[in-house]
Amino acid sequence: MLKRGKPLKRSYIKRRKKPKKRRKKTARKKLLDKLWKVCSLYIRLRDIKKYGGGCPLCNNNPIQVAFHFLPRGIKIIKYDPINLVGACKNCNFHEMKTRGADFRYEKWFIANRGQEEWDRLNKLKYTIVQYSLDDIEKMIKKFEGLIE
Ligand SMILES: [Zn+2]
C-alpha cells in the first residue's frame with residue numbers, strides 16, 4: 001500500500017504536457033463560439049420579425065433557437081443564413097433525433113426557399129473548408145452589421 005504524506009506534486013508534469021497548439025485552438029474555439037452566438041442571434045431576430053415570433057416549422061411554439069436544415073457539422077454551410085431558420089427547441093430536437101428519416105423539414109425548406117437552394121446546399125455538403133481566424137472575424141462583423 002502506498003502511504004501519502006503530502007499530495008503528489010503534479011504541476012510540473014502538467015505544465016510540460018500542455019502543448020502550445022492547444023492554446024491557439026482555444027482562442028480559435030472562443031472566436032467560433034462568438035461567431036455562432038452572433039449568427040444564431042441574427043437568425044432568430046430575422047425570423048421573429050419575418051414570422052411574427054412563432055416557430056415557422058410547427059406553428060406551435062415560440063422561436064427559441066437557430067435551426068439547421070443540413071447538419072451544423074458541415075462547416076461550409078453552418079453559418080449560411082439560407083441553411084438556417086429561427087425555430088423552437090422541439091423542432092430542433094426532433095430534427096436531430098430523426099435526421100434522414102423524417103423529411104418534413106426538407107419539404108418545408110423546398111416549399112419556402114426553393115429546390116434550387118436545396119440543391120445548392122446539398123452540393124456544398126462535400127466541400128471541406130477551414131476558416132482562418134481572419135475569415136471568422138469577418139463573418140462575426142458581417143452578422144454584427146446585420147443585427148444593428
Ligand atoms: Zn417548432
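Good morning. In the protein chain, confidence is lowest in helix α1 (residues 11-17), with a mean of 58, and highest in strand β2 (residues 84-87), at 98. The confidence here is pLDDT, the predictor's confidence in each residue on a scale from 0 to 100. Helices (H or I, at least four residues) and strands (E, at least two) are DSSP runs, numbered from the N terminus.

This is a predicted model, in which local features need pLDDT of at least 70 and side-chain atom pairs count only at pLDDT 80 or more, while totals for chains, interfaces and linings use all residues. Residues are numbered from 1 along each chain as its sequence is written.

Let me turn to the chain as a whole. Its mean pLDDT is 88, and 82% of its residues reach 70 or more. The protein chain has seven helices and two strands, and along the sequence these follow the pattern α-α-β-α-β-α-α-α-α. Of the 148 residues, 17% are buried. A residue is called buried if 20 or more other C-beta atoms lie within 10 Å of its own, exposed if 12 or fewer, and partly exposed in between, with C-beta atoms placed from the backbone. Two residues are in contact if their C-beta atoms, placed from the backbone, lie within 7 Å. Among contacts between residues at least 6 apart in sequence, 71% join residues at least 24 apart.

Next, the strands. Strand β1 (residues 65-68) is joined to β2 by four bridges, and the two run antiparallel; strands pair if DSSP finds at least two bridges between them. His-68 has Leu-84 in β2 as its bridge partner. In a regular strand the side chains alternate between the two faces of the sheet. How are the two faces of β2 covered? Leu-84 and Gly-86 lie on one side, Val-85 and Ala-87 on the other, and all are buried.

The C-alpha atoms of Gly-86 and Lys-50 are separated by 9.6 Å, although the two are 36 residues apart along the chain. Lys-50 belongs to helix α2 (residues 20-51). Is Lys-50 buried or exposed? Lys-50 is exposed, because 12 other C-beta atoms lie within 10 Å.

The loop between α2 and β1 contains Asn-59 and Asn-60. Asn-59 has a positive phi of about 55°, although it is not a glycine. With 9 other C-beta atoms within 10 Å, Asn-59 is exposed. Asn-60 also counts as exposed, because it has 10 C-beta neighbours inside 10 Å. Leaving aside neighbours within four places in sequence, Asn-60 is in contact with Cys-55 and Cys-88. From Asn-60 to Cys-91, the C-alpha distance is 9.7 Å, across 31 residues in sequence.

Two further helices remain. Ile-76 has its place in helix α3 (residues 75-78) and is partly exposed, because 16 other C-beta atoms lie within 10 Å. Which residues does Ile-76 contact, leaving aside its neighbours within four places in sequence? They are Leu-124, Thr-127 and Val-129.

Lys-138 is in helix α7 (residues 133-147). With 13 other C-beta atoms within 10 Å, Lys-138 is partly exposed. Lys-138 and Leu-35 are 103 residues apart in sequence, yet 9.5 Å apart in space, C-alpha to C-alpha. Thank you.
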